[in-house]
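Please look over the sequence and the structure before reading on.

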Amino acid sequence: MTIFRDRNGRPILPLGLQTHNSSTGVPEMLEREIAAVKHYGGNLLEAPVYWYRIEKEPGCYDYADADDLIRRCRMHGLHLILLWFGVNKNGHPNYAPEWVKTHPEIYAVAQGRDGGRVASMSPLCDATLEADSRAFAAFMAHLRQVDGEERTVIAVQVENEIGLANTDMDYRVEAQEIYRQPVPEKLRNIVLEDSGVTPWGDTWRSRFGRHAHEAFMAWAHAEFVEKMALAGKAEYDLPLMINVMLGEQGFEEAGLCYNSGAAVGRVLDIYKAAAPHIDLICPDMYVPDRLRYRRVCGRYARPDNPLFIPESPIGGVANALNMMEAFADYGCIGMACFGAGRAVDMQGNLLDESREMALSMRTVANLAPLILKYRGTGRIHALVQQEFMDKQYLRLDGYHVEAKFISATGSARWGMGSFLNPAAPENADIFTARGRALLIQTDAHEFYLAGCGVKVDFRRRPDPMAEDSFPLLASRQCGTLNFLSVEEGHFEGEEWVCDRVRNGDESNFELFSHRGQAVRIRLNPN
Ligand code: DGJ
């Protein structure tokens, strides 16, 4: 499913960074954050706009912040995803106008079980929905007017990590009345895991068991963003998304581990049924360990919800490794890291702690046209040096591939060491980098590799029906040395441009990619 397109309707792979929460309207901050996107090889900036600045007085709108962001991104050749910080930012109404915040008798604040107000506004309040969606619709109309042609803005996020903080549901009398009504028809086929019931009847309890409160709040929030989406899309039909504070946090109890009603894995079906005009439900992926990372990817990457990761750590090794698997194994359609300003110093130079992530993002960016073409086909493979790994085997169509991680297995004397100057500062980690790469098979005998710390060896894989495969297998003909060409290069649009040909010492000992560079390998079929 293609969600992100440029102004000419061509599919794009958005990769980049999100600004900090308070950067919008602060030019020097934004310029540093844009500089950071460039270091990451990105093409995308994500930045919030604040309802309280857009509509200081009811019905009086000021779009200067959005206009400024659009202008800057255009100037720097970046795509932009605008984040509508409205009534719910991580379960708080921080970004709502004061005329909303100061009138809880009109714009209802949710109540906890003890009757006290919690931090969050209730999604079950018509006045709040009406005010937020009216402002959002006006904002979308403005976007169409100023950007409908250029299409710098490729998508808009509705609210931010929605959910109710500090309670499992809204215990206001008005909310409880709605809870006592029958479960909406469109949710009747949904069964929640670990709910302890075989669904029956039409009460929330009988259908969703011990997760009834969470299911109810998920439906309430989904309805809220669906109505926002309908109002917005009526003005300007852009892709709309919501981002999610993850539920996969251990024991997974709503209101304790995460805000209740958030679109966590458990209630995704409720969201999909109740909010069909939200195009993407996106996990904010602050998950270092691989197993949990893959579990989250597996839950959100669905035929009706391609995986887009709008937030992830800006530095560190874990995200730099895991993201390879998001693109290879889960058809990830784009990704951003959070907190662009933190990646660079005051002069806009990349900080050391950001290097790993920047390198991984550049790796993916360098293969973007192929990722767009081959995602979901099984031809994109992640090579990732997990702890203690020295090599990784891939069984591919027609080839055994052995990826060797250089930090564990070393590099041939005449391989990388002769080709790259190990003394140059940018090559400081050529022998020590934690290996990760993408390998894409584009034809029976053609591969593209990008990454670092990995070298690959190919051996023809005999046809399973072959009578006597050993002589061929053992022959020189069958191995990596039997290549036609090895080229370093880059893509211009969909065209491969060769920058340098490797041969002799520079290709005969190891086929590697360093610093995320793309390498095209054509093996000899004969
Ligand atoms: C997730 C939120 O969505 C972001 O806006 C930001 O607050 C980050 N957390 C901070 O780590």
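Predicted model: local features only at pLDDT ≥ 70, side-chain atom pairs only at ≥ 80, totals over all residues.

## Helix α11 and the residue after it

Helix α11 is followed by Gly 331, and the phi angle of Gly 331 is positive, near 60 degrees.

How many of the 12 residues of α11 are buried? The helix is mostly covered, with 10 of its 12 residues buried, and among them are Asn 319, Leu 321, Met 323, Glu 325 and Phe 327. The length of α11, which runs over residues 318-329, can also be checked: at 1.5 Å a residue its 12 residues should span 16 Å, and because the C-alpha atoms at its ends lie 17 Å apart, the two values agree.

## A patch of negative charge

On the surface, Glu 492, Glu 494, Glu 495 and Asp 499 gather in a patch of negative charge. One of these residues, Glu 494, is found in the loop between β16 (483-492) and β17 (495-502). Glu 494 has a relative accessible area of 70%, and since exposed means over 50%, Glu 494 is counted as exposed.

## Asp 237 in its loop

Asp 237 has its place in the loop that lies between α8 (212-235) and β7 (240-244). The relative accessibility of Asp 237 is 55%, so Asp 237 counts as exposed.

How far apart in space are Asp 237 and Glu 487? From C-alpha to C-alpha, Asp 237 and Glu 487 are 42 Å apart, while in sequence they are separated by 250 residues.

Note on methods:
Residues numbered from 1 in each chain as written. Heavy atoms only, no water. Patch = residues over 30% accessible without salt bridge, like charges linked within 9 Å, V, L, I, M, F, W, Y side chains within 5 Å. Areas by Shrake-Rupley, 256 points an atom, 1.4 Å probe, with all protein chains shown as cover. Salt bridge = Lys/Arg side-chain N within 4 Å of Asp/Glu carboxyl O. Lys, Arg positive; Asp, Glu negative; His and termini not counted. Charge placed at Lys NZ, Arg CZ, Asp CG, Glu CD. Helix = DSSP H or I, 4+ residues; strand = E, 2+ residues; numbered from the N terminus. Buried < 20%, exposed > 50% of the residue type's maximum accessible area, 1.4 Å probe, protein only. Expected span 1.5 Å × (residues − 1).
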